[in-house]
Amino acid sequence: MQNNETTFPVFKSEKATATVRGYIGKEAESFDSGLNGGSFDPRNKLVIGYTILYQDDRIASIRFSEQKRHAGQPTELATRFMTLDLGSGRELAFKDLFVKTEGFGSLLYDYFKQDHGNDLSIAQQFGLLKLTPENIHQFWVEPGYIGFMLNFQNPTESQDQKRMSIAGTVLSGSVKPEYITAKKGDTPLPVAYIVSSKPKPADEIDPNGKMIALTFDDGPGPFTDRVLDVLKQYHAHATFFMIGRQVGGRATTVNRVVTEGNEIGNHSWDHVSLPTIGQPRLTQEILDTQRAIQAATGGYTPILMRPPYGAVNPAVQNYLTSQGLRTALWTADTQDWRHQDNSQSTYAAIMGAANDGQVILVHDIHQASVEAVERAVPELRQQGYQLVTMSELERYR
Ligand code: ZN
């Protein structure tokens with residue numbers, strides 16, 4: 001295994017995640033096997049990152065960007081699009097989007113003729129007319145559009161392709177209605193499906209071992225990176241319930257939270273008590289925070305909501321559910337905010353609460369709390385606790 005850095009989305013659908021994982025594994029394998037001999041050279045490097053272009057409760061469209069560097073050679077860049085059916089977990093082929101594939105070429109012909117009519121030679125026009133969905137290998141769904149790679153000067157050629165986007169409405173009648181998506185701005189926030197951008201191997205968590213979920217509220221703040229450092233050092237993970245208005249200024253830290261395998265939850269934009277505000281403000285508090293987190297991380301969408309002060313009512317609860325958010329409270333409150341000059345009390349509170357299945361509340365905005373965590377994490381690991389995210393704890397307990 002060479003020096004590889006891959007991040008990829010993990011979906012609630014395990015089958016969809018397996019498809020993504022399979023693709024990443026294959027890329028890593030083919031990269032390694034292209035190294036003739038395989039002796040380790042730190043200059044060999046494969047980097048795969050991703051962007052979620054679209055997701056709803058049925059499909060997700062992902063763009064992977066790959067950088068491959070073999071020692072002494074220029075870096076190769078590649079892009080790979082993948083659209084998944086989240087029900088079956090299968091990667092969709094372009095033709096799967098269609099109710100009827102005949103007429104696709106003439107549809108494209110009409111569409112491009114409007115822009116390029118006079119530039120297209122007769123041969124190119126015939127090429128377009130002959131094109132079928134089976135000829136398109138790289139495609140994606142984006143809000144309001146379906147995109148694909150095409151060399152429309154030479155439509156059956158796989159080299160020199162450019163990105164094309166066609167408004168979904170142009171394709172209605174040919175494409176199944178579920179793939180014709182609303183335009184940006186008209187879309188409700190997608191149902192949250194990504195839970196982590198750096199999945200752990202399934203065997204990393206022992207379901208029968210003791211586990212605790214540490215949760216950090218009210219960040220991100222100036223000490224959040226220190227929490228991440230100690231988690232990383234001790235192979236531990238945690239959940240960070242973030243205040244939306246603090247996310248934009250600390251995007252690097254926020255992105256680090258997920259790339260290191262931790263979870264982010266929503267803690268509202270402004271830390272207000274949600275039952276005391278009306279629906280318009282509630283929508284803003286929740287969705288602005290989701291969007292800020294998505295923007296900082298390239299698409300990570302929280303599925304957990306910790307209401308400030310733990311306050312909810314049925315209306316708030318219904319709204320959160322409609323946005324794909326589950327309420328995530330705690331079982332042990334360290335009350336760390338009461339003793340911000342005394343890390344010993346918080347350390348003692350964490351250790352006192354330590355027990356299998358506990359969800360422990362700490363605030364990563366207080367220096368003393370972070371110092372307590374820096375002492376508690378090694379100690380908890382020493383005692384045999386697995387420190388897991390809340391979603392992981394919910395999966396096993
Ligand atoms: Zn709070």
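**Helix H9 and its neighbours**

Mentor: The buried residues of H9 pack against strand E10 (211-219), helix H4 (224-233), helix H8 (343-353), strand E16 (359-363) and strand E17 (386-387). Contact means heavy atoms within 4.5 Å, and buried means under 20% relative accessible area, with a 1.4 Å probe and protein chains only. Helices (H or I, at least four residues) and strands (E, at least two) are DSSP runs, numbered from the N terminus. This is a predicted model, where local features need pLDDT of at least 70, side-chain atom pairs count only at pLDDT 80 or more, and totals for chains, interfaces and linings use all residues. Residues are numbered from 1 along each chain as its sequence is written, and side-chain values use heavy atoms, without hydrogens and water.

Trainee: Which residues of H9 are buried?
Mentor: They are Ala368, Ser369, Val370, Ala372, Val373, Ala376, Val377 and Leu380.

Trainee: Where does H9 bend?
Mentor: The bend, of about 25 degrees, is at Ala376, and Pro378 follows within four residues. A bend is the angle between axes fitted to the seven residues ending at a residue and the seven starting there.

Trainee: What comes just after H9?
Mentor: Gly384 does, with a positive phi of about 90 degrees.

Trainee: Changing topic, is Gln386 buried or exposed?
Mentor: Gln386 counts as buried because its relative accessibility is 13%. Gln386 lies in strand E17, and the residues it touches include Glu204, Met211 and Arg381, leaving aside residues up to four places away in sequence.

Definitions and conventions:
Buried < 20%, exposed > 50% of the residue type's maximum accessible area, 1.4 Å probe, protein only.
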